[in-house]
Amino acid sequence: MTNPNNISLNISHALKFIDSHALDIPMLTILGDNGEVLEGAQAPDIDKETALRLYSTMRFIRLLDERMQAAQRQGRVSFYMQCLGEEAAITASAAALKQDDMIMAQYREQAAIAYRGFTLEQFMNQLFSNEKDLGKGRQMPVHYGSKELHYMTISSPLGTQIPQATGYAYGQKLKHIDKETGKLGSEIDNVTICYFGEGAASEGDFHAGLNMAAVHEAPVIFFARNNGYAISTPADEQFKGDGIASRGVGYGIKTIRVDGADALAVFAATQAARKIAAEQGEPVLIESIAYRLGAHSTSDDPSGYRSKEEEAAFKANCPIERFKKWLLKQGWLDEKEDEAAKDKIREDILAAVKVAEKVQKPALEELVSDVYDTPIPSLQKQYEELKEHIKQHPDAYPVTAGRIK
Amino acid sequence: MAKMNMLHAINSALDITMNEHPQACIFGEDVGYFGGVFRATSGLQEKYGKHRVFNTPLTEQGILGFANGLAAFGAPALAEIQFADYIFPAFDQIVNESAKFRYRSGNEFNVGNLTIRTPYGGGIAGGLYHSQSPEAYFAHTPGLKLVVPRNPYQAKGLLRACIKDDNPVIFFEPKRLYRASVGEVPEEDYTLEIGKAEVVKTGSDVTLLAWGAQMEIIEQAAAKAEEAGISCEVIDLRSILPWDVETVAKSVVKTGRLIVSHEAPITNGFGAEIAATIQQECFLHLESPIARVCGLDTPYPLALEKEYVPDALKVFAAIKKSVEF
C-alpha cells in the first residue's frame, strides 16, 4: 500500500488554501435564441425522426401542463405539477437514451415518460386515480410509473431515488463484469438516468448515491435539474458552492453543466454521458440550468417569493421555441402543421379528461393488495371486517359499496 | 448434519444463495475481504468475487438505497447493517421506500429480492449503541416482514426463507448467540416457514412467549418454574411481522396465562401489540392479566446492564405472580 489515504500525491511547501470556487465551471450552450448553432459549437448527431419526436413531446407536455393546471383550478384534479421551462432538459435527455434504459425521476419529469410513449389516456388515468391507473389510484397526481416503459414509479420523498439509481445501474452492469478479472468485460447494454432537483441534492441520499456510484462504478447518469428554486427556497439559500456540478469532482465523477433550455446541448451532453456510462462503466453528473417558469405545484404561489420581472426575463427564453426555430431552419417542421397539431392536442386532452374522470375508482380490494405479494393473515382479517362494515353502511361508502364481492 | 454456530449457519445460507443466483450480491460495511465484523460473510468474497461481495462506504442510507435499486432491478440484494443500532440513517429508505415499493407502483415494481441482515440485542457489553432491539419501529410498517432466529438451525432455515420470500425482509440476528449457540445444522438447503411460531415446550399453566436471544432466557425461567411445580408452555414467535396469532392464542386458551418477554423498552414494544391482540382473542379464557417482562424505558445501559435486562429471574417472578393472581 503506497497510498492508503487515496489522494493525489502532490506535495507543496507553500501554505495556500484552494479557493472555495476554484472550479470555474462552464455551461455548454449550442443553440442561440434564434435557433442558430452558436459559433464554435457543434450540433449533436440527431436525426430528423428523433428531433421531431423530441419536439412533439415538448409541445404535448406544454399543452398538457396548461390544461391540467386549469383542471386543478376547476377542482377536477386535486393536484398538479408543471414542467414549465424545463421541457428541453427533460425531453432531450430522455431522447439521448435507449428506449429500455431505466429512468428514475423525481416528479417533474412527465416529459420523459411521454417521450417513451406513455399515452394521453394513461396520463389521465393516473391524474384521476381511477381504476385504470397503473398505480391503482394510490398516489397523488403526477406520480407516474411504468414497467413496460422502464420508468420507475415516482416516490414523493426527495432524493430517495438517487442511491436507488446507483443500485439499479449496478444490477444492469453485473452481467457485463468478467468473472475472472472482476473488470468490465463488454459494453453495458442498458444504463440508468436519475433526475433530481438542486434542492433534493441537499438530502443525505444525494451524497450516499453519488459516492457509492463512484466507488462501485455504477453506470448511472445523474441529471441535476438546477431550476433555481426548491418550492420557495432559492438556490443561494440551498448551497454555497458552484452549483451542483462542483460536487461531482469531489466524488470523482465526470461532470458537465449544460444550458437546460437548450435541447441540443442537453441532448449532446446526455448522449456523451451515456457513452461514458455504457462503455467505461462509471457514473456521470450532468447539471442542467433551466429556470422553473411555473409554480412548484398547484399548492404553491410564486408571487410570494419572486418578482414578476424575474419571471418575465426567463419567460422570454422558451426552450420549446428555441428548438422549434432550429427545426424550422432545418426545414424539418412546418409552422402551419405545428399550429394544427396543437389545436388537435388541446381537443384530445379535453376529451381525455372527460373520459378519465368518469372511470370509476379502484375496487376495495386494491386497498389491501400489493402491500405484500399476498395479503398477510392480519391484513386479510382487517379486510374481511371492513367489507362487512361497508355492507352494513353502503351509503357512507358509495365508491366501493356496490362492488364488494 | 454438521455442528455449526450461528455465524456458520448464516454463512451457509448466504453461500447457498450466492451459488444459486449469479447476480446475488452481499454488501455492507466491512463485509468484503474481512468477512464482516462478526465474520458472517467470511470467505464469500474469495469465492464469488469482489463485484458480488463488497464493502460499501460508511453510509447506511446508501446501503439501503442501493439495495432497493438492486432489488428492483431483479437481483437478490443481501444488505448488511453492521449493528441494528445503526439502521436509523436507513429508516427512510426502509420505511418509505422498501416497504411501499410494490404498493405505490401498483405492483409495476417491487423489492421482494431485498433481505436486510442486522445483528441486534444486548449481552455483549455494548452499551447504548451496540445493544438495541429496534424491531418495534419496523413492526409498525406495513410491507415489511421481520424475522428473528433463536439458534443456528433456525437461522439458516429462516434466512433462506427470507431470501426466497418475495417481500422485503429484515432478519434480526441475535449477536449474543453468534458463537454461543451451537447446534446440528444440515449442510444442504432447507427453509422454515415465515409467519409461523414454534411451540418449543408444551405445558399447561402458563404460556411464555419470546423470540431470538430472549428464548434462552424464558427457557431458563421455565426450568425454574418447573422446579416450583409450574408447567410452562414455551413459544418462539420467530416472525414478528407477520406474527402467528393463531398458535399463541391456541396456547393461551389452554393455559389461561401469557407472559411476553423482550429486551427492547416495554413501552410500545412489540409485546404491547401481542398483549392487545391476545386479550381480544382470548378474553374469556384469561386467568390473569397478560404480563410483559421487558427492558426498562431507558436507553440501553452499560454498567447496569444486568439490572436492565429482563433476565430469567424477572421472568420467573412474573410467572409466579401470574399463577398466584
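Predicted model: local features only at pLDDT ≥ 70, side-chain atom pairs only at ≥ 80, totals over all residues.

Me: Which residues of helix 1 of chain A are buried?

Reply: Among them are Ala51(A), Leu54(A), Tyr55(A), Met58(A), Phe60(A) and Ile61(A), and the list also includes Arg62(A) and Asp65(A).

Me: Which helices do those buried residues of helix 1 of chain A pack against?

Reply: Helix 2 (87–95), helix 3 (110–116), helix 4 (120–127), helix 8, helix 10 and helix 11 (335–356) of chain A.

Me: How far apart are the end C-alpha atoms of helix 1 of chain A?

Reply: They are 38 Å apart, and that agrees with the 38 Å its 26 residues should span at 1.5 Å a residue. After helix 1 of chain A comes Gly75(A), with a positive phi near 80°.

Me: OK, sheets. What's the strand order in the six-stranded open sheet of chain A?

Reply: The order is 1-7-8-4-3-2, with parallel pairing. Strand 1 (27–28) and strand 2 (102–104) of chain A are at the edges; each has a single partner strand, so one side of each lacks a neighbour in the sheet.

Me: How many bridges join strand 3 to strand 4 of chain A?

Reply: Six, between residues 192–197 and residues 220–226, running parallel. Gly197(A) sits opposite Arg225(A) of strand 4.

Me: Which strands does helix 8 of chain A touch?

Reply: Helix 8 (residues 263–280) packs on the sheet and touches strand 1, strand 4, strand 7 (254–259) and strand 8 (284–289) of chain A. Its direction makes about 170° with that of strand 8 of chain A.

Me: Now chain B. What's the pairing in its seven-stranded open sheet, and in what order?

Reply: Mixed pairing, in the order 3-2-4-5-7-6-12. Strand 3 (53–55) and strand 12 (239–241) of chain B are the edge strands, each pairing on one side only. From one strand to the next, the twist averages 20°.

Me: What does strand 4 of chain B pair with?

Reply: Four bridges join it in parallel to strand 2 (residues 25–28) of chain B, with Cys25(B) opposite Ala77(B). Strand 4 of chain B also pairs in the parallel sense with strand 5 (residues 114–120) of chain B over four bridges, and there Leu78(B) stands opposite Thr115(B).

Me: Last topic. How many residues does each chain bring to the contact?

Reply: Chain B brings 38 residues and chain A brings 42 residues. On the side of chain B that touches chain A, helix 3 of chain B gives the most, with 10 residues. By class, that side of chain B has 11 nonpolar, 20 polar and seven charged residues.

Terms used. Residues numbered from 1 in each chain as written. Chains lettered and ligands numbered in written order. Contact = placed C-beta atoms within 7 Å. Helix = DSSP H or I, 4+ residues; strand = E, 2+ residues; numbered from the N terminus. Nonpolar A, V, L, I, M, F, W, Y, C, P; charged D, E, K, R; others polar. Pairing = 2+ DSSP bridges. Axes fitted to C-alpha atoms, helices over the stretch in contact; angles between N-to-C directions. Expected span 1.5 Å × (residues − 1). Buried ≥ 20, exposed ≤ 12 C-beta atoms within 10 Å, placed from the backbone.
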